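Here are my notes on the two-chain model you sent over.

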Amino acid sequence: MMSVLSPWQRRLGVGAMAVFAVAAGLPAAGLAQSETPQMGGSLVAVIEGEPTSVDPAFDYDFVSGLATSSITEPLIKFCEGDTQLCPNLASAWTVSEDGLTYTLTIRDGVKFHDGSDMTVEDVVFSLDRIRDPELGSYVGWMLDSVADVTAPDDSTVVITLSQPDALFEYALASTAAHVVSKAVVEAAGADYGTPSVGSIGTGPFKFVEWTSGVQQKLARNDDYWNKEDGGPYLDEITIKILPEPTTRVAGLDTGEIDYLVNNVPSDQYATVEGFDNVNLTFAPSFYGEWITFNTQEAPFDNVKVRQALNYATDKAGLRALYWPGTPDTKATLVYPSMWTFEQDAWQAAWDVLPAYDQDLEKARQLLDESGVADQLNGMTISYYESTPSMKGIAESFIDSMSQLGITIEANKTTYQENIAQQFGNHDDYDIFVGSWGSDFPDPSGNLRPNFGSENIAAGGSNASAYSNPDVDALLVEQNALVDKAERAKLLIEAQALIAEDSPLISVSNPGWPLAVNDRVHGAEIGPLWYWASLFKDVWVSE
Amino acid sequence: MAGYAVRRLLAAIPTLIFVSFVTFGLVRLAPGDPVLIVLGGKRISPELMEQLREKFGLVGDPISQYLAWVGRAVQFDFGESFKLRQEVGDLIVARLPTTVELIAMSVLLAILLGIPLGVLQARRRESAVDYAGSFVAFIGVSSPVYFTAIIGILVFAVWLGVLPAFGSGDGPVDQLRHLILPAVALALGMIALTSRMTRSAMLEVLTSDFIEAARAKGLPERTILVKHALRNALIPVLTVISLQVGFLVVGTVLVESTMGLGGLGSLITDAIQNRDYPVIQASVLLLTVLFILLNLFTDLLYAVIDPRIRYT
């Protein structure tokens, strides 16, 4: 048995990371920090599009979670800056030595919003429901290695895996492990989670109403099970839908928007920082933007070409322009924020990892050696034109290549084309600007989806079509291990191989923006804010 | 008149069939895989992709897909939105009122402001009022709705702080307050066109012999303008307004997403962006029906305004 409640000891304070104020939305300057939270009041949060559902089974995006994760809750939760796991609806859990059996102690006295008790039967039902292929849950894949879920007694749930899965534990803190009421879900049938029916959970806020295309309303759950360490304080939360970025900025200015996570337009950060009534802060992320190409097609099947393009890209210049103060990147998607275990080993590996800092001479030399540089001439770089930073990456790349005497054309794409290129058959782009963020606080959450060859097929996330049997073997092997030191060793080995192969040019690791009105207090986000219950400890001063 | 209306409605059926067929084909010809887009940017399993394709009815040949869709549509079952997981019928019922309110307010503004402005301009031709009206119309016609909306937000919400920047409000009064900016932004172009059309139609009528005759008879100027001139000038104005309502629908798409009003317009834009076939098909069909009804209504209105027009 291994202990899972290791206290968090080290902050993620490496290098430029320190500039990030993780504790966003502290009381504004001039207000005493010791001010006690006030009960009551309401808050307006804004999201950019209509949520998919308030059914956790379909919450796997950046807009649905604000409501969903306030209504229903997972068995365990991410904590300590989203780097560790803490108890939630399960008060404790243990993992067997072979990594196959998870035994969870389910908390007593937790009630659903309709007043009924949450039972182990509800927990088993909730997990089995997500696993049921009939439901087609968007997070069903997270429970793929689950063989069986049982409740041996009134306070214990046992989950048996068919094979050890290092990432499974994290799934228990995602929407895949939100506990829903069996009676309510069965009564609602297919309408569960839609605006007409809504949802019922154990969370700090209750579903009130959802006006399609306009807003969702939540109200405080006065019977919340976990009021000892804080809220819920707010009487009411309104989550409004506002697709236009310019209007979102105007709404922050007028004070009509209290809370805006992620959807602060990146080219307006300076404007928002200039508002007297708004605090803009950034949380570290497991997210990055990068350039890639189909590594199975000429000339990108030539490692020298890939390394040359990496050396040609002005990553530091782009970071300074679009994400000042964010961490440097090296030739990996495992950002320092993701060293959630064996930090020393990761640091040592980072120190020797190539950064491919811009060096046009070296790029020119490598291109000459490759002998296929002329094939690059006239190729296109595809990017989604509505994201300012992605446009910037493409333009900077075109500029750098022209300095090498190579003409690259811009291919602006729509969102649909962008998705098809990143997740399609790899036959519709030459060079591609993309992005990826890990679902879990684990290095393999960025390595396996992007570099495992099992993710090359259509629908898969390996946009480089990168296939290296040695890397595959390491990634698969580490996933079956329980010992974290051993996992780190294998992942670091894979990372080094990938860095040398240069299938992808890692440009940035931007922070998640959070803009709040200065009457809002206790608002905090972490790298995995999209899984988090965001409003429990938030309060407002009038 | 009733017989005429029924014949017109029956004649609309082939139009609807044609429109539904073309829409069905076009959305499928547009690039972009709905399944990939629904799961946009996230990790997915091939099994789930296959399953969704099945659920969305995207397997099998297009003709039988179309016939299956028509079979359900005639029973008012338009299926479930791919992206939003709600019944398309419910979605449209929820979203339609906002758009109808917006359009109704804009048309009302166009009639209440555009027509009097045009009459005044025609009456005081080449005066300061006429030039000022023409200038306003020029601005109104040439400003894109999106731009007008943003300027409106900046001036009335950010600088003056008298109107909300976005959203739809709680309760009737607050809702009306929230509709002012978007409705004005939407109506500006229409007010401009209506006033221009009224002005030129009035100018033409005011130089007719029967107006001279009325003046010679010593009728008061107000009676001449409203009862004799305007009534005759209204037919082309009405035609323009009715045509403009079509453009208003396009305008609502922009205004709704700019100002966070979840109406039919934003539903359609989202659906097109997300390749949400069932929503696109049903919305386009609904718009077609609305246009057919609007045209019929306009034609019938002609007869009310001008007794010489008779439908049999």
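1. A term to begin with: a nonpolar core is a set of buried Ala, Val, Leu, Ile, Met, Phe, Trp, Tyr and Cys residues joined through C-beta atoms within 7 Å. Buried means that 20 or more other C-beta atoms lie within 10 Å of a residue's own, exposed means 12 or fewer, and partly exposed is in between, with C-beta atoms placed from the backbone. This is a predicted model, in which local features need pLDDT of at least 70 and side-chain atom pairs count only at pLDDT 80 or more, while totals for chains, interfaces and linings use all residues. Residues are numbered from 1 along each chain as its sequence is written, and chains are lettered from A and ligands numbered from 1 in the order in which they are written.

2. The largest nonpolar core holds 167 residues, and A:Leu43, A:Tyr259 and A:Trp529 have the most contacts inside it. Its biggest contributor is H8(B), which gives 16 residues. Apart from this core lies another of 62 residues, including A:Tyr287 and A:Val507. Beyond four places in sequence, A:Trp529 is in contact (C-beta atoms, placed from the backbone, within 7 Å) with A:Val261, A:Ala283, A:Trp512 and A:Leu534.

3. Chain B has 12 helices and zero strands; helices (H or I, at least four residues) and strands (E, at least two) are DSSP runs numbered from the N terminus. The C-alpha trace of chain B spans about 85 × 55 × 35 Å along its principal axes. Of its 312 residues, 38% count as buried. Among contacts in chain B with a separation of 6 or more, 74% are between residues 24 or more positions apart.

4. Do look at helix H5 (residues 88-123) and helix H8 (residues 171-206) of chain B: their axes come within 6 Å and cross at roughly 35°. Axes here are lines fitted to C-alpha atoms, for helices over the stretch in contact, with angles from 0 to 180 degrees between N-to-C directions. The residues of this contact divide into 21 nonpolar, seven polar and three charged.

5. Where the chains meet, 40 residues come from chain A and 49 residues from chain B. On the chain A side, strand S10 (236-241), helix H5 (245-254) and helix H12 (415-423) each supply at least two residues.

6. Chain A has an open sheet of five strands in the order S15-S14-S16-S13-S17, with mixed pairing; strands pair if DSSP finds at least two bridges between them. Strand S15 (408-413) and strand S17 (504-508) stand at the edges with a single partner strand each, so one side of each has no neighbour in the sheet. The twist averages 30° from one strand to the next. Strands S14 (residues 379-384) and S16 (residues 431-437) of chain A run parallel and are joined by two bridges, and A:Ser382 has A:Phe432 in S16(A) as its bridge partner.

7. Helix H7 (residues 303-312) of chain A is largely enclosed by the rest of the structure, because eight of its 10 residues are buried. Those buried residues pack against helix H10 (360-370), helix H11 (388-403) and S17 of chain A.

8. Is A:Asn462 buried or exposed? With 24 C-beta neighbours inside 10 Å, A:Asn462 counts as buried, although it lies in the loop between helix H13 (444-451) and helix H14 (469-479) of chain A. A:Asn462 and A:Pro449 are 13 residues apart in sequence and 6.0 Å apart in space, C-alpha to C-alpha.

Definitions and conventions: Nonpolar A, V, L, I, M, F, W, Y, C, P; charged D, E, K, R; others polar. Contact = placed C-beta atoms within 7 Å.
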